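Please review the briefing below alongside the sequence and the coordinates.

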Amino acid sequence: MAETIVKEQVKDKEPLFGKKERQLLSDPLNDNNPITVQVLGICSALAVTSLVYPSLVMAVAVVFVTAFSALFTSLLRNYIPKQVRLIVQLVIIATLVTVVELTLKYLNYPVYKQLSVYIGLIITNCIVMGRLEAFSMANKPWRSFLDGLGNGVGYGVILVMVAIIREIFGKGTLFAGSPIELALIGPSADYFINTTTNTWFSWYSNNNLMVLPAAAMFIIGVMIWIQRSYNTKLVDVS
Amino acid sequence: MNNNRYVLTFILIMTATVAVLLTGLREATKARADRNEDIFNKRAILSAIATKLDEPVKSMTDDQVVQIFQDDMEQLVLDMEGNVLEDIAAEEIDMAVERKKPESNRKLPLYIYKANGNNTYILSVRGNGLWDEIWGNIALESDLNTIAGAAFDHKGETPGLGAEIKDNPKFSQQFSGKKIYANSEFVSIDVVKGGAKADNQHAVDGISGATVTADGVAEMLYRGIKYYEPYLSQLQQSSMVLPAEQ
């Protein structure tokens with residue numbers, strides 16, 4: 001008898017980083033990526049990814065909002081009245097987004113200006129509310145936090161990847177606007193690859209299509225294609 | 001537990017908590033956030049006179065920006081008749097607010113950059129692009145005719161197309177050296193689709209795929225600079241009487 005009770009207690013205790021927890025973090029990075037598999041949060045992914053630095057800031061902001069809104073929703077999940085649960089979730093998200101906005105105004109005003117409405121639009125990002133409704137309302141705080149963190153990072157990674165491609169080929173720079181701005185492909189002597197004197201790259205000029213939001217759609221499309229070609233279980237059998 | 005009383009209490013407590021929290025955070029960050037905004041706006045004005053400054057506006061520290069405004073910048077506010085208004089600095093004028101007023105009631109900010117005995121006049125203009133508002137600062141040389149520099153910004157133009165008025169320095173650089181008067185008649189600067197002729201003193205090239213934004217820039221410049229005309233012609237007349245001031 002005594003033995004079984006001890007066993008049950010052990011079972012009840014969830015490890016900090018057990019198999020399930022690791023899966024919560026890694027799933028959204030690949031098998032269940034919010035952008036390439038669930039196709040959520042596309043609006044901001046198309047709009048803010050023309051430069052890496054703002055995308056990075058956006059990614060960090062979304063990770064913060066998904067992780068902590070999941071944590072707070074989960075902490076309150078037994079107290080939130082069912083009739084108004086969506087409104088409560090929305091208030092939690094909106095509060096965190098406002099915190100992000102105020103912090104950004106305080107720390108880096110030019111980036112705040114650059115991201116403009118898209119910081120506010122994190123509130124409507126389907127990833128955030130989707131995870132709260134599907135996961136946090138029914139799970140314990142630590143797991144919800146990890147789930148939110150994983151989904152935020154899964155979104156952010158794609159955002160930054162798209163932005164790297166778009167900025168290099170569209171503007172010929174990397175991290176423009178940040179303290180470590182790199183000038184990569186361009187006509188002036190300061191550029192890493194000087195297209196006017198460099199014989200190998202003289203044929204190249206910056207591709208304006210990459211700056212347009214449409215380019216992000218193509219890039220995300222190609223990413224989905226690449227991901228599905230090695231991760232065959234994602235391919236719909238129909 | 002899900003009766004109305006519980007729901008109401010829950011919502012009330014939640015709203016109050018959130019309100020207190022956010023108000024506190026806003027108050028704690030307000031001073032520096034406002035300073036950041038102020039310096040952001042000052043940099044925008046300085047980028048119109050980039051050619052007159054020793055250092056690129058981008059690499060200036062915040063203190064340097066404030067220093068220039070303190071030492072070399074005179075700020076005036078004009079009414080639509082060209083009179084200088086007392087007790088108000090150009091920085092206090094919000095162009096977005098002014099634009100909503102009836103034309104005759106508007107106030108115009110004017111920055112005068114005074115360095116090396118030469119005055120550069122910076123005019124603020126605001127108009128409509130394709131999706132939303134666009135605005136800019138135009139710097140005039142002391143002859144009040146030649147453009148010394150221009151810088152534009154926008155709220156929501158398309159990246160890669162309309163947004164090039166801000167992102168592509170080549171667009172704003174075209175304005176330097178152009179003239180707003182032709183035979184002492186105000187003509188402003190046109191933005192020409194398909195490219196302006198090289199010898200045209202009153203036009204610059206447009207941006208492919210951004211005709212509406214470019215037309216917006218041209219319209220904004222014409223209307224916006226014209227607002228300043230009463231004051232500019234006063235200045236011109238007084239400088240003709242006193243040529244030594246030039």
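Chain B carries 25 positive and 36 negative side chains, with the centres of the two sets 6 Å apart. Lys and Arg count as positive, Asp and Glu as negative, and His and the chain ends are not counted; each charge is placed at NZ of Lys, CZ of Arg, CG of Asp or CD of Glu. The model is predicted: local features need pLDDT of at least 70 and side-chain atom pairs pLDDT 80 or more, whereas totals for chains, interfaces and linings use all residues. Residues are numbered from 1 along each chain as its sequence is written, chains are lettered from A in the order in which they are written, and side-chain values use heavy atoms, without hydrogens and water.

**Chain B**
- The C-alpha atoms of chain B occupy a box of roughly 80 × 45 × 40 Å along the principal axes.
- About 13,000 Å² of chain B is accessible surface, 52% of it from carbon and sulfur atoms (Shrake-Rupley method, 1.4 Å probe).
- Among the 246 residues of chain B, 42% are buried (under 20% relative accessible area, 1.4 Å probe, protein chains only).

**Interface of chains A and B**
- Chain A and chain B each contribute 25 residues to the contact (heavy atoms within 4.5 Å).
- The area buried between chain A and chain B is about 2,300 Å², 69% of it from carbon and sulfur atoms; this is the accessible area lost on being put together, summed over both parts (1.4 Å probe).
- On the chain A side, Leu102(A), Tyr106(A) and Tyr109(A) lose the most area to chain B, together 27% of what that side buries.

How values were computed: Buried < 20%, exposed > 50% of the residue type's maximum accessible area, 1.4 Å probe, protein only. Buried area = accessible area lost by both parts, 1.4 Å probe.
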